[in-house]
Amino acid sequence: MSTQPSLSFPSDFYWGTATAAHQIEGGNTNSDWWRYEHQADTLCQTSSGDACDSWHRYEDDLDIVQSLGLNAYRFSVEWARVEPAPGEFSRAALDHYRRVIEACHRRGLVPVVTLHHFTLPQWVADAGSFEAPDVASWLGRYAERVGEALGDGIGLACTINEPNIVAMMGYLYGVFPPNARGWDRFCSVNDTMRAAHREMRDALRAGPGSFPIGLTLSMTEYHAVNGGEERLATLIEQMEDGYLRAVRDDDFIGVQCYSKTQIGPKGRVDEEGVELTDMGYPYWPQVVEHTVRRAAEIANVPIIVTENGISTQHDERRRDYIEEALVSLHRTIADGIDVRGYFQWSLLDNFEWVLGYSQRFGIVDVDLATFERTVKPSARWYGDVARKGLLTPRA
Ligand code: NOJ
């Protein structure tokens, strides 16, 4: 079997894996998602319940990340826990996240802290979620308090995770809370997201510590089909370009990508005859190269791939996917694009929002009855690449 030349990555590259509070902690009862999961008309397959119990088991999770050979861990701080009522901040919740950060440092892992990952405290939802007139300033105040409590330990901060997906799924397609549908509402929430991001970034910058700050954007490789050019131009402005132009004063942009998307005159068109992942997405790891190049060109700031991964029951296919994604990422680095890191979504098989626990994105399996973690072979392979900073692609 012939192999291709080895690809070497920068020595200070962040090699990580990513999670989010609501998807792994369990018992996030004060959030809008928890309420939505328990509504009679919910679209969720199941409640998040105890999730992976990472609220209690984060040390075990971090032991795995360290043992694999990774050097960074991305997780999120839960607003619903930190500010359970307007202006009422929980010292105990902030102390908890401080312990998570310290546990990262003890293991030589850079803590990459996301402040907002999809969920809201119920009091924000009651006030109108991302349509509440004060939501940007509330997020700014929350960021200020998180910065005060944790800033001296943060390695990198992500203000808002995939604001474009929150806007699309929550205000255009009606799938995520608050289950609204309307193009104008979608566009106006995108504007609010950018305003909130600026408030959060400025609050973090003014506080203790000195760490790069950015937002993370869901990106895809769009293609227009059947005359869908006009529709695509309008959509891509809302989903990507408006954000990419807005982050030019940030320290980095987090690129999150999974697959490619065809757009026809009436919207998304399924691609025929291609391999699909368990999410129903085309298997397309090369999306990393496409989105990184696009983000670099428009935003012109350093790039971190803050999420990339595949939902599959076949771990061998996950390994293939990661390898092809990294090969495509390496081409951008070889071309001189300033890429600082790559994070696999996800460390754990976890709560995939409306799809519940049916999806397997983890490089580590979690037994939901016992919470036992089992490292998958793809994780060991990925960790080995990370440890060496060297990828030897199979022929
Ligand atoms: C995007 C989101 O940030 C994350 O919460 C989700 O689980 C993954 N991608 C996979 O869909």
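Helices here are DSSP runs of H or I with at least four residues, numbered from the N terminus. The model is predicted.

**Stop one: helix 5.** Select residues 91–106, which form helix 5, a run of 16 residues. From first C-alpha to last, helix 5 reaches 22 Å, close to the 22 Å expected at 1.5 Å a residue. Just past this helix, select Gly-108, which takes a positive phi of about 70°.

Go back into helix 5 and show the side chains of its buried residues: Ala-93, Leu-94, His-96, Tyr-97, Val-100, Ile-101, Ala-103 and Cys-104. Their packing partners include helix 1 (21–24), helix 3 (54–68) and helix 7 (135–150). Strand 3 (72–76), helix 4 (79–82) and strand 4 (110–116) are also among the elements they pack against.

**Stop two: His-117.** Select His-117 in the loop between strand 4 and helix 6 (122–126). Is His-117 buried or exposed? Its relative accessibility is 4%, so His-117 counts as buried.

**Stop three: helices 9 and 10.** Select residues 183–206 for helix 9 and residues 229–246 for helix 10. Their axes come within 10 Å and cross at roughly 10°. Helix 9 is therefore roughly parallel to helix 10. On the helix 9 side of the contact, show Trp-183, Phe-186, Cys-187, Asn-190, Met-193 and Arg-194. These meet residues of helix 10, among them Leu-235, Met-239 and Tyr-243. By class, this contact has 8 nonpolar, 4 polar and 1 charged residues.

Definitions and conventions: Residues are numbered from 1 along each chain as its sequence is written. This is a predicted model: local features need pLDDT of at least 70, side-chain atom pairs count only at pLDDT 80 or more; totals for chains, interfaces and linings use all residues. Side-chain values use heavy atoms; hydrogens and water are left out. Helices (H or I, at least four residues) and strands (E, at least two) are DSSP runs, numbered from the N terminus. The expected span of a helix is 1.5 Å times one less than its number of residues. Buried means under 20% relative accessible area, exposed over 50%, partly exposed in between (1.4 Å probe, protein chains only). Contact means heavy atoms within 4.5 Å. Axes are lines fitted to C-alpha atoms, for helices over the stretch in contact, and angles run from 0 to 180 degrees between N-to-C directions. Angles under 35 degrees count as roughly parallel, over 145 as roughly antiparallel, 65 to 115 as roughly perpendicular and the rest as oblique. Ala, Val, Leu, Ile, Met, Phe, Trp, Tyr, Cys and Pro count as nonpolar, Asp, Glu, Lys and Arg as charged, and the others, Gly among them, as polar.
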